[in-house]
Amino acid sequence: PGRLCLHFRKHGFLFLCGKGAAAVHVRVLFRNMEIEGRDFLNTPPMKTVRFGGTVAETLAKYKQGDTRDYDLLKYQLADPEIKDAQIINWLQEFRNCVTQLSKDHEELIYTILRVPWVGRSLAVVEEYLAFLGNLVSAQTVYLCACLRMVVSHFIPKRVRICEGGVDISDSDDDDENLPRNFDRCHQALQVIARYVPSTSRFLMPILHEKFPFVQKSSRTLECYVHNLLRVTVYIPSIRREVLEVIIGKMLKLDVSASRSEIEEVEENAMQNQTEESAEEGLFDMDEDVSADKSCRTGVMTHPVAERLDTLMAVVMAYIRDICHVNGCLDVERTKELYRDLLSVFDKLILPTHASSHVQYTVFYLCSFRQALAEAFLDHLWKILQSPSQPAVLRQAAAGYMGSFLARAKFIPVATVRACLDLLLPWIHHYIDSQDSSGRQACCDVNLHGPFYTACQSVFYIIIFKHKAILEGNMKKGLAYLQSLNLERVVMCQLNPLKVCLSSVTSVFAAITRKYQVVFCYTIIERNSRNTLPVVHSSTGGDRVTTNTNPLDSFFPFDPYLLKRSGQLIEPLYQVWEEPADTELHSTKTGQQEDEDDFLCGETPQAEGVVGMTPGSYDSNLRSPSSVGSPLCVMCVRVQREIARN
């Protein structure tokens, strides 16, 4: 806006600047630098000059139609090298006339919100927070803009690098001030929430909108998820929605990387590392190199698995810190988090097929207290037996129930027996209903899916927990297994052994034959003879296959593959220990059977016992059926055993 001439009379220096002067730094020069004892090149400016009048005068001129000073003010605020003193002076003036900053000054406000305040001095931060508080309280129309500005600082700043004509940009991981900057962002959110009580209603859509793309770096995702979870500490009303957003993104990562793909990539990386170590031989004596290799072992080679591992570690750390206060479990806070996480489980995790790791957030939370594990089992049981639930969810609930009981070390045998006392009567009642219908029962997965999945869960539980049931008193344990009447389940017209995974039926048959509970091999061999192969025609030629998984089932708590977050799961997890004295009966199918993870040679680990506080999570957890809930049945059985003793 025209040419400006500044004349510093004290030093006799004439400074001329033309169009675009607002982007030029004005430095005060001294005529005799040697007398002042200062170095010209290495001396910071002693004084900063700003153009135009005060903010109030500028707004008044703008209202009258004179926009020259108004435009000049915006140019100076947008200067990337703006000084702290300038920012403080302007913010103070803006606070004094905040009532005049209506919707007409939207562009000016957006310019102020783009000022880089987070990394500035404490005086600038305090003044900026005061300005935000005044702005949102006087002009609520700018609330969402302020929230977007704060949330945009939840990830590290972007660093742009141009190599070979290619623009590479990602997060700056070397910024040592990130924790301090994040603290200031959360201070800003708390200031806004204090002035505008309805902040949470407008904040949640912004948090979802600003979530980084899942293919971004692990560091970017980690910072954003960490900050989202931190928001729930001082705005607890949005915790369930925040967990829903985070777990939804994690599920996308989880299902995009299959278990077999992760295992293959990690095995190849391990082999390559072993070959490199063998080539280095005795020359690798540097302690730093050895330490670096040990650090790399905690990093997943698979890029998607590495991102998921990072997020799982953040979420599990959040669960641990929320539930524990000064190292002690806070029951009320744990119950509140359980309710929120269970709601997300029902909405997102349970309907998601073939997720491998995200469901371990519930597994980890339930390990804190036995009552939580029992409440989770009771919840799954209600879904399984409810006819109003979709069949696919009932089957998923049965799979979760069986896998949870089989794999969780922290579940006592009394709870396992209580759940079997629920599942087997339900299965027998289902068989009775088919027998009494007067129609010939047929092996139809689409019609009887929940029944078959419940049977497979029972077989799976017995495979993993038969030792715990029998140890201590073999006679009573065998009597209990025989009381389940498994022979009727195996021999019924619905023929569950034909539908269940062959790996499960093989081990179940071997164990039950050893203890003479039920003999399954005759039925398995008959099913093998009656299984019809399917011919698939394609451009590559015809191929003959057999459907080895008619239920399309999976065990949700199969071995955990992620390294860093897996350190929290390992002591809680029951690995498969193949019985040395049990010979698996191989059926002549002519095809190589697919083996489940629990038969794939996992290394047996020491049995760890996690101490749990006894008690009931919720006294009104009851099943709508006459059978009762796992908690009630377990209590009755314990009372009977005490009476006998």
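**Close-up views of the predicted model**

**Figure 1. Overall content of the predicted model.** The protein has 27 helices and eight strands, and the model is a predicted one. Of its 645 residues, 47% count as buried. Among contacts in the protein with a separation of 6 or more, 75% are accounted for by residues 24 or more positions apart.

**Figure 2. The largest nonpolar core.** This core comprises 176 residues. The members that touch the most other members are Phe 94, Leu 207, Phe 363, Phe 404 and Phe 459. Helix α20 (residues 445–470) contributes the largest share of the core, 14 residues. Because domain 1 (46–157 + 175–198) and domain 2 (370–531 + 548–558) both give residues to the core, it lies between them. In soluble globular proteins, nonpolar side chains tend to be buried together.

**Figure 3. Surroundings of Leu 207.** Leu 207 belongs to the largest nonpolar core. When residues up to four places away in sequence are not counted, Leu 207 touches Val 151, Phe 154, Tyr 224, Leu 228, Ile 238 and Val 242.

**Figure 4. Packing of helix α17 with helix α19.** Helix α17 (residues 370–385) packs with helix α19 (residues 413–435) at an angle of about 5°, and their axes are 11 Å apart. Angles under 35 degrees count as roughly parallel, and α17 and α19 are therefore roughly parallel to each other. On the α17 side, the contact involves Gln 370, Glu 374, Leu 377, Trp 381, Leu 384 and Gln 385. These meet Thr 415, Cys 419, Leu 422, Leu 423 and Trp 426 in α19. Seven residues of this contact are nonpolar, three are polar and one is charged.

Definitions and conventions
Residues are numbered from 1 along each chain as its sequence is written. This is a predicted model: local features need pLDDT of at least 70, side-chain atom pairs count only at pLDDT 80 or more; totals for chains, interfaces and linings use all residues. Side-chain values use heavy atoms; hydrogens and water are left out. A nonpolar core is a set of buried Ala, Val, Leu, Ile, Met, Phe, Trp, Tyr and Cys residues joined through side-chain atoms within 4.5 Å. Buried means under 20% relative accessible area, exposed over 50%, partly exposed in between (1.4 Å probe, protein chains only). Helices (H or I, at least four residues) and strands (E, at least two) are DSSP runs, numbered from the N terminus. Domain bounds come from an automatic or database domain assignment. Contact means heavy atoms within 4.5 Å. Axes are lines fitted to C-alpha atoms, for helices over the stretch in contact, and angles run from 0 to 180 degrees between N-to-C directions. Angles under 35 degrees count as roughly parallel, over 145 as roughly antiparallel, 65 to 115 as roughly perpendicular and the rest as oblique. Ala, Val, Leu, Ile, Met, Phe, Trp, Tyr, Cys and Pro count as nonpolar, Asp, Glu, Lys and Arg as charged, and the others, Gly among them, as polar.
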